[in-house]
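Visitor: Please show me the sequence and the structure, and then let me ask about them.

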Amino acid sequence: MSVRRLLPLLAAALAAGPALAEQPAPAKALFGAKAMPAAMAPVSIGSYAKGCLAGAEELPIDGPNWQVMRLSRNRNWGHPMLIAFAEKLAVRASRAAGWPGLLIGDLAQPRGGPMVSGHASHQIGLDMDIWLNPAPSRRLTAKEREDISAVSMLGADKRSVDPKIWTRGHLEVIKAAASDPAVARIFVNPAIKKALCEGAGNDRDWLRVVRPWYGHHYHFHVRLDCPAGSTDCTPQKAPPAGDGCGAELDAWLKPPPKKPAKPSAPKKPAKPKPEITLNDLPAACRQVLAAPDSGTAAPAAFAPAPAAPAVPLPVAAPQAEAIPAEDVPLPVPSPARRS
Ligand SMILES: [Zn+2]
């Protein structure tokens with residue numbers, strides 16, 4: 001059975017669960033169950049790691065210079081601005097690198113929102129992952145797109161790229177993306193940022209938006225700015241000025257502190273992060289969930305969010321922990337953590 005068919009069944013099972021009468025369902029189950037976008041005008045609602053997407057457009061699974069991977073996930077949806085960006089970038093980047101094309105990873109779910117696996121962000125249709133290995137010059141089968149693994153760029157020391165794998169083409173692809181004025185940030189592993197810093201030469205302005213982050217050595221992550229004039233989309237602060245190749249990058253690349261000789265007192269188990277529920281998302285995301293599937297109704301105009309949520313809040317709603325929007329520096333960064 002395809003994932004698209006399974007999702008509505010999963011949603012029905014979740015809706016019927018007795019425990020959920022008291023506890024709001026995690027938003028990821030509600031958004032993960034929607035196989036089609038909302039029949040609404042396109043709007044990115046909320047912030048990259050806490051929001052949703054009205055009126056999403058689908059990135060075609062094949063284009064002249066790209067192929068979408070992991071089709072079963074149904075995450076090749078985005079704000080029309082992201083789809084147009086991806087199509088344009090695929091041509092420019094593959095030409096710059098001399099690659100047949102790009103392999104495209106996750107964008108967003110049909111209605112955005114939190115996902116059952118994989119990402120804290122990618123919620124408002126303005127984030128996309130691009131694999132770091134080039135597309136082959138033939139079309140991959142649907143099975144190959146599930147089975148083929150992405151390739152890590154890291155060398156054995158995990159602090160630099162593997163010179164047998166990393167090429168000038170990789171730099172050119174990331175540079176092509178970073179040079180587009182619509183891009184707010186690009187996340188790459190610190191080892192990749194180092195390789196970019198070393199390979200950039202005198203043209204360095206594009207390096208500013210390329211930010212070191214955990215993981216991101218199998219793919220890089222492109223984040224667009226909020227669409228111009230959008231009042232529903234929460235922008236992120238611009239990255240610090242400069243190319244980001246100095247002290248900040250050094251801090252990411254320095255070896256982690258040595259383990260203490262004596263075993264320290266056992267740590268208290270970490271509290272599990274509370275799940276994001278609908279109450280944690282902008283109120284307009286309820287409208288997005290409730291809207292008919294696109295194609296079955298004329299796209300409704302997006303109405304301003306009502307002052308009070310349509311569903312009563314549970315008693316003492318748990319305060320959701322702030323989820324890092326993939327760019328919040330942590331105290332002891334270590335690039336070794338997996339993506
Ligand atoms: Zn990503």
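The questions below go from the whole chain to single elements and residues.

Visitor: What average pLDDT does the protein chain have?
Guide: This is a predicted model. Over residues 305-339 the pLDDT is below 50, and beyond near neighbours in sequence that stretch has 54 contacts in the model. The pLDDT is also below 50 over residues 16-21, a stretch with two contacts beyond near neighbours in sequence. In the protein chain 81% of the residues score at least 70, and the average pLDDT is 86.

Visitor: How many helices and strands does the protein chain have?
Guide: Buried residues make up 38% of the 339 residues in the chain. Among contacts between residues at least 6 apart in sequence, 78% join residues at least 24 apart. The secondary structure comes to eight helices and eleven strands.

Visitor: Which residue of β11 stands opposite D129?
Guide: Strand β8 (residues 127-131) pairs with β11 in the antiparallel sense, over five bridges. In this pairing, the residue of β11 opposite D129 is H221.

Visitor: Which residue of β11 stands opposite I186?
Guide: Strand β9 (residues 183-188) runs antiparallel to β11, and four bridges join them. R185 has R223 as its bridge partner in β11. Leaving aside neighbours within four places in sequence, I186 has contacts that include F220, H221 and V222. The residue of β11 that stands opposite I186 is V222.

Visitor: What is the handedness of the crossover from β9 through α6 to β10?
Guide: β9 and β10 run parallel and are joined by three bridges. In this pair, F187 stands opposite R211 in β10. The chain goes from β9 through α6 to β10, and this β-α-β crossover is right-handed.

Visitor: How many residues of β9 are buried?
Guide: β9 has six residues and is largely enclosed by the rest of the structure. This description holds because the number of its residues that are buried is five.

Visitor: Which elements are among those that cover the buried residues of α6?
Guide: In α6, the buried residues are P190, A191, I192, K193, K194, A195 and L196. Seven of the ten residues of this helix (residues 190-199) are thus buried, so α6 is largely enclosed by the rest of the structure. After the helix comes G201, whose phi is positive, near 70°. The cover of the buried residues in α6 includes α5 (168-178), β9, β10 (210-212) and α7 (247-253).

Visitor: Which elements do the buried residues of α5 pack against?
Guide: H170, V173, I174, K175, A176, A177 and A178 are buried in α5. I174, A177 and A178 are also among the contacts of I186. The buried residues of α5 pack against α3, β9, α6, β10 and β11.

Visitor: Is N74 buried, partly exposed or exposed?
Guide: N74 lies in the loop between β5 (66-68) and β6 (77-78). N74 is not a glycine, although its phi is positive at about 55°. A residue needs 20 or more C-beta neighbours within 10 Å to be buried, and 12 or fewer to be exposed. N74 has 19 inside 10 Å, so N74 counts as partly exposed.

Visitor: How many C-beta neighbours does K158 have inside 10 Å?
Guide: K158 is found in the loop between α4 (142-147) and α5. Its phi is positive, about 65°, although K158 is not a glycine. K158 counts as partly exposed because its number of C-beta neighbours inside 10 Å is 16.

Note on methods:
Residues numbered from 1 in each chain as written. Predicted model: local features only at pLDDT ≥ 70, side-chain atom pairs only at ≥ 80, totals over all residues. Contact = placed C-beta atoms within 7 Å. Pairing = 2+ DSSP bridges. Helix = DSSP H or I, 4+ residues; strand = E, 2+ residues; numbered from the N terminus. pLDDT = per-residue confidence, 0-100. Right-handed = clockwise from strand over helix to strand, strands pointing away.
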